[in-house]
Amino acid sequence: MTDLYRAQGVLDRNVVKNKKIACFGFGSLGSLLGGDLLAYDWGAILLADPQNLERENIERHLLGASEIGKPKVEGGKRWLVSHGVPADHILTHVGNAQDVLKWCEEADLIIVTIDSRRACRDINAWCVDHNKPAIYGGVYPMGTGGQVIVVPNPKEACFACAEHMMGSDQFQDLQAHDYGIDIARLADELGGAQNAIPALRWSISAIASDMADIALSILTGKGGEEAPHVLIHAHNWESILNLRAKSAGLTSVANFIAQMPKLKLLPNMKLRWLPGDGVYELL
């Protein structure tokens with residue numbers, strides 16, 4: 001590993017080589033977490049996600065435009081290999097998590113960034129049966145924050161316990177995978193701003209960073225024995241100005257937000273639709 005020298009004193013290379021990680025979900029959160037956590041020569045890595053990368057994902061995803069239309073996990077594998085991870089250490093599954101849970105019998109940690117509560121519950125039930133440590137992460141609609149559920153010993157306290165404690169087991173699955181933003185509203189008549197997605201990368205990166213830190217603590221034992229807990233990360237967004245739909249100002253601002261990652265800038269603005277006023281609020 002050409003970059004592992006930077007981790008001397010932080011990551012024990014022998015520990016790293018002997019650990020296996022299963023990552024269910026390689027969307028925005030899963031991919032940014034993967035960029036933080038997986039670019040080392042772990043003993044084995046499983047990436048599972050059924051979806052292809054879409055243009056609307058680009059602003060807040062690890063992968064670039066060259067991967068549009070291709071399976072996210074295959075692109076994730078190419079990215080990891082380009083950063084020095086041996087290809088034979090990475091297994092990809094373009095499909096549902098439930099199909100490859102058997103692989104996890106040898107895994108040291110299960111990481112879940114899937115929106116579907118049904119899938120999370122199925123994974124949790126399997127982890128309880130096999131007593132496998134897991135971390136579940138999610139981002140709140142509109143990028144207002146997110147949560148990390150840490151389950152080091154599911155036979156004692158599991159994902160379902162955390163759901164019940166927070167009352168989230170009373171809510172239905174989120175239908176919007178755009179975190180509450182209607183991307184189509186940003187398109188002009190020619191579709192010019194179609195890929196100008198409101199900035200959520202900053203919010204998602206913060207949750208990914210939290211998850212990566214906890215994952216390393218569990219895998220390496222650096223932080224001692226991890227206790228089951230729920231980490232809530234809240235973000236406050238203040239209104240800057242309002243922009244009318246289909247206005248030149250809206251198109252310019254939306255395009256600027258979309259271009260920030262290409263300029264190596266971390267987006268820290270987003271747009272919120274106010275249907276009663278017919279405007280977008282810049283936050």
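Where is the place of Asp-88, in terms of α3 and β3? Asp-88 lies in the loop that runs between α3 (72–82) and β3, where helices (H or I, at least four residues) and strands (E, at least two) are DSSP runs numbered from the N terminus. With a relative accessibility of 68%, Asp-88 counts as exposed; the classes are buried for under 20% relative accessible area, exposed for over 50%, and partly exposed in between (1.4 Å probe, protein chains only). Gly-43 is 45 residues away from Asp-88 along the chain, and the C-alpha atoms of the two are separated by 9.7 Å.

The model is predicted; local features need pLDDT of at least 70, side-chain atom pairs count only at pLDDT 80 or more, and totals for chains, interfaces and linings use all residues. Residues are numbered from 1 along each chain as its sequence is written, and side-chain values use heavy atoms, with hydrogens and water left out. The average pLDDT of the chain, the predictor's confidence in each residue from 0 to 100, is 81, and 79% of the residues score at least 70. Over residues 186–197 pLDDT stays under 50, and the model has 29 contacts for this stretch beyond four places in sequence, a contact being heavy atoms within 4.5 Å. Where pLDDT is low, predicted coordinates should not be read in detail.

Seven strands form an open sheet with mixed pairing, in the order β3-β2-β1-β4-β5-β6-β7; two strands pair if DSSP finds at least two bridges between them. The edges are held by β3 (90–93) and β7 (229–234), each with a single partner strand, so one side of each has no neighbour in the sheet. On average, neighbouring strands of this sheet are turned by 15° against each other, direction ignored. Strands β5 (residues 134–139) and β6 (residues 145–151) run antiparallel and are joined by six bridges. Tyr-136 stands opposite Ile-149 in β6. Helix α4 (residues 117–130) packs on the sheet and touches β1 (20–24), β4 (109–112) and β5; the direction of α4 makes about 165° with that of β5. Axes are lines fitted to C-alpha atoms, for helices over the stretch in contact, and angles run from 0 to 180 degrees between N-to-C directions.

Zero disulfides are found in a search of the whole structure, a disulfide being a pair of cysteine sulfur atoms within 2.5 Å. For Cys-23, the closest cysteine sulfur is that of Cys-104, at 9.7 Å, too far for a bond. Cys-23 is buried, at 8% relative accessible area. The sulfur of Cys-158 has its closest cysteine sulfur in Cys-161, at 3.6 Å, also too far for a bond. Cys-158 counts as buried, at 11% relative accessibility.
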